[in-house]
2 protein chains.
Amino acid sequence: MPVLVVGSLGLDTLTTPFGQVKEVLGGTTSYFALAASMYTDVQVVAVVGTDFPEEYRRVLDGRRIDLQGIQVREGKTFRWSGEYRFDMNLAQTLDTQLNVFADFHPRLPEEYRSTRYVFLANIHPALQLEVVSQVHRPKLVVMDSMNFWIEHSKASLTEVMRRSDVVLLNDAEVRQFAETPNLISGARHILSLGPRAVVVKKGEHGALLVSKEDGVFVAPAYPQEEVRDPTGAGDSFAGGVIGYLASRDDVSPQAMRRAIIHGCAVASFTVEDFSVRRLERLSSSEVRERYTLFRNLTQFTDEELGVGISQPPTPKS
Amino acid sequence: MPVLVVGSLGLDTLTTPFGQVKEVLGGTTSYFALAASMYTDVQVVAVVGTDFPEEYRRVLDGRRIDLQGIQVREGKTFRWSGEYRFDMNLAQTLDTQLNVFADFHPRLPEEYRSTRYVFLANIHPALQLEVVSQVHRPKLVVMDSMNFWIEHSKASLTEVMRRSDVVLLNDAEVRQFAETPNLISGARHILSLGPRAVVVKKGEHGALLVSKEDGVFVAPAYPQEEVRDPTGAGDSFAGGVIGYLASRDDVSPQAMRRAIIHGCAVASFTVEDFSVRRLERLSSSEVRERYTLFRNLTQFTDEELGVGISQPPTPKS
């Protein structure tokens, strides 16, 4: 089954403790598409300006990525510039130039409208709703968002959540949206709005799946020693998750658990190099190996439970 | 096999968003001993003043906890006062009164000296070395510490690490000690000093075991919705870990993994109520249940790996 993604496509200028890159391929859809295309066919809806480099189009083209949904508009492509300091957990935005992205309205090619797996990447909630109104009977709608929309467009963001099956946010966003310091309570608040599941991205601490049918699943943090550029970790995580589910056409609780691990595995590669470079040269055997490594990270052998545990006697009084 | 713990015993005054308690039973050894006594016999070496309440002694007494190593000195018992704010992750110390603890020197009763499982709770590294010099041929020495000693007594702290089998620190302490933002690199730096394993406590994000023989093991965060008082989480975690290992007399990699889960399980109870109250009424069947719950948190079914992953074709050039 193919996957549809709607979001940004742009040029990033980045500084991390490991170097600097200028106007490299960025945007939510490029990371998502490259990750999901490891698993299934991907349809991209986004907008670029006439200055969008042909070489970046070629990075996406030629894989299992359909680019007919990419609008080309007279003007400049969306540009983002950011910096990561010592702890690498949070990007400082230095500059954002919306350019042609400012007037973007997603228009789905006719054949995309019946696609059953849909990812609403982080864009204005009103645009996410425009996408939802264009798709026919999707099986799984997954949405992402960010602190800015929680602060400025909470009502329409809440409406997107109501119409989604899975809400994907980072831990700070869950706390902010639900107005509670407790992640699990925050996730349950979001579930109460309608979605079947909430996926909490915790950066270096892994991910959490909280679902109505299956309770809580914890995906371990990958013991990452090589982080050069965290940009795109969340979107390639989403690409791994939804790409896997679509490839199997299975949204059962067990498939969701495996999908989260696939997402973690793919994202753990993304951050090893700048921009989409690591995804470009990622092989399926590498993903398989890392998936197995994830299993070993959390495995412990069974033994007769309770051996060695003694009931304490009632304290003397 | 019994476990020996050396550390503080005192009276805590605490404020959290859920209430306030005054001069309740606290100190590293009380949390550790109550947790470890769920699994095995515990020997405590600590000091209290003549004002130490008899009712607190009775909380420890009558369980599998030997109190003959507790020195009673003329004067007041160690007191600590702290506050947890909204996010509950970090205690603000409001007041510390060392009192009789200021002149504490651990003196092990003769029969404790051959105890093979030893926990050096967080005290001055010089005192931890005094303990190490008093024990004969221990099988497992585990040490804890804190930011203050990393800052002010790094040389003697490093010496304690060299003489320990397992180093137990929280994530911030590992980063501070190893002077790197990367936890895994930090843990490997500590391994290079001599210990077999480093256990990184990550609070609400679970724990990490990095060992020479077994690589990395990730223990999931318990999806905790009820946190009333985080005090003692780390020491009861240590009690669960070492208590379990001693009860089985097994320090193999697989036993270490199970022990970490036991530690997480016990600590997840500790924080549900103030002081040691939840540990006081903890039953072995509750620990067993939560251990099983931890397994379910990270479990995902096998399937033929690689299904759905396709090797991307070489991009067109």
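**Reading sheets, a helix and a core**

Modeller: Chain A has an open sheet of four strands, ordered S3-S2-S7-S8, with mixed pairing. Keep in mind that this is a predicted model.

Colleague: Which strands stand at the edges of that sheet?

Modeller: Strand S3 (19-26) and strand S8 (91-97) of chain A do. Each has a single partner strand, so one side of each lacks a neighbour in the sheet. Neighbouring strands here are turned by 15 degrees against each other on average, direction ignored.

Colleague: How do S2 and S7 of chain A run, parallel or antiparallel?

Modeller: Parallel. Six bridges join S2 (residues 10-16) to S7 (residues 78-84) in chain A.

Colleague: Now S13 of chain A. Why is that strand called largely enclosed?

Modeller: Count its buried residues. Four of the five residues of S13(A), 207-211, are buried, so the rest of the structure largely encloses this strand.

Colleague: What pairs with S13(A)?

Modeller: Take S12(A), residues 197-201, to begin with: five bridges join S12(A) to S13(A), antiparallel. Lys201(A) has Ala207(A) as its bridge partner. Five residues lie between these strands in their hairpin, where Gly203(A) takes a positive phi near 55 degrees. Then S14(A), residues 215-219: this strand also pairs with S13(A) in the antiparallel sense, over five bridges. Val210(A) is bridged to Val216(A) in S14(A). The hairpin of S13(A) and S14(A) has three residues between the strands.

Colleague: How do I read a helix with one buried side?

Modeller: Start with the general idea. An α-helix has 3.6 residues a turn, so residues three or four places apart point the same way. Now the case. In H7 of chain B, residues 183-191, the buried residues are Leu183(B), Ile184(B), Gly186(B), Ala187(B) and Ile190(B). They cover an arc of only 160 degrees around the axis, which puts them on the same side of H7(B).

Colleague: What covers the buried residues of H7(B)?

Modeller: Both helices and strands of chain B, including helix H5 (154-162), helix H6 (171-178) and strand S13 (207-211).

Colleague: And the core? Which residues have the most contacts inside the largest one?

Modeller: The general idea: in soluble globular proteins, nonpolar side chains tend to be buried together. Here the largest nonpolar core has 203 residues. Phe119(A), Ile260(A), Phe119(B) and Ile260(B) have the most contacts inside that core.

Terms used. Residues are numbered from 1 along each chain as its sequence is written. Chains are lettered from A and ligands numbered from 1 in the order in which they are written. This is a predicted model: local features need pLDDT of at least 70, side-chain atom pairs count only at pLDDT 80 or more; totals for chains, interfaces and linings use all residues. A residue is buried if 20 or more other C-beta atoms lie within 10 Å of its own, exposed if 12 or fewer, and partly exposed in between; C-beta atoms are placed from the backbone. Helices (H or I, at least four residues) and strands (E, at least two) are DSSP runs, numbered from the N terminus. The arc is that of the directions from the helix axis to the C-beta atoms. Two residues are in contact if their C-beta atoms, placed from the backbone, lie within 7 Å. Two strands pair if DSSP finds at least two bridges between them. Axes are lines fitted to C-alpha atoms, for helices over the stretch in contact, and angles run from 0 to 180 degrees between N-to-C directions. A nonpolar core is a set of buried Ala, Val, Leu, Ile, Met, Phe, Trp, Tyr and Cys residues joined through C-beta atoms within 7 Å.
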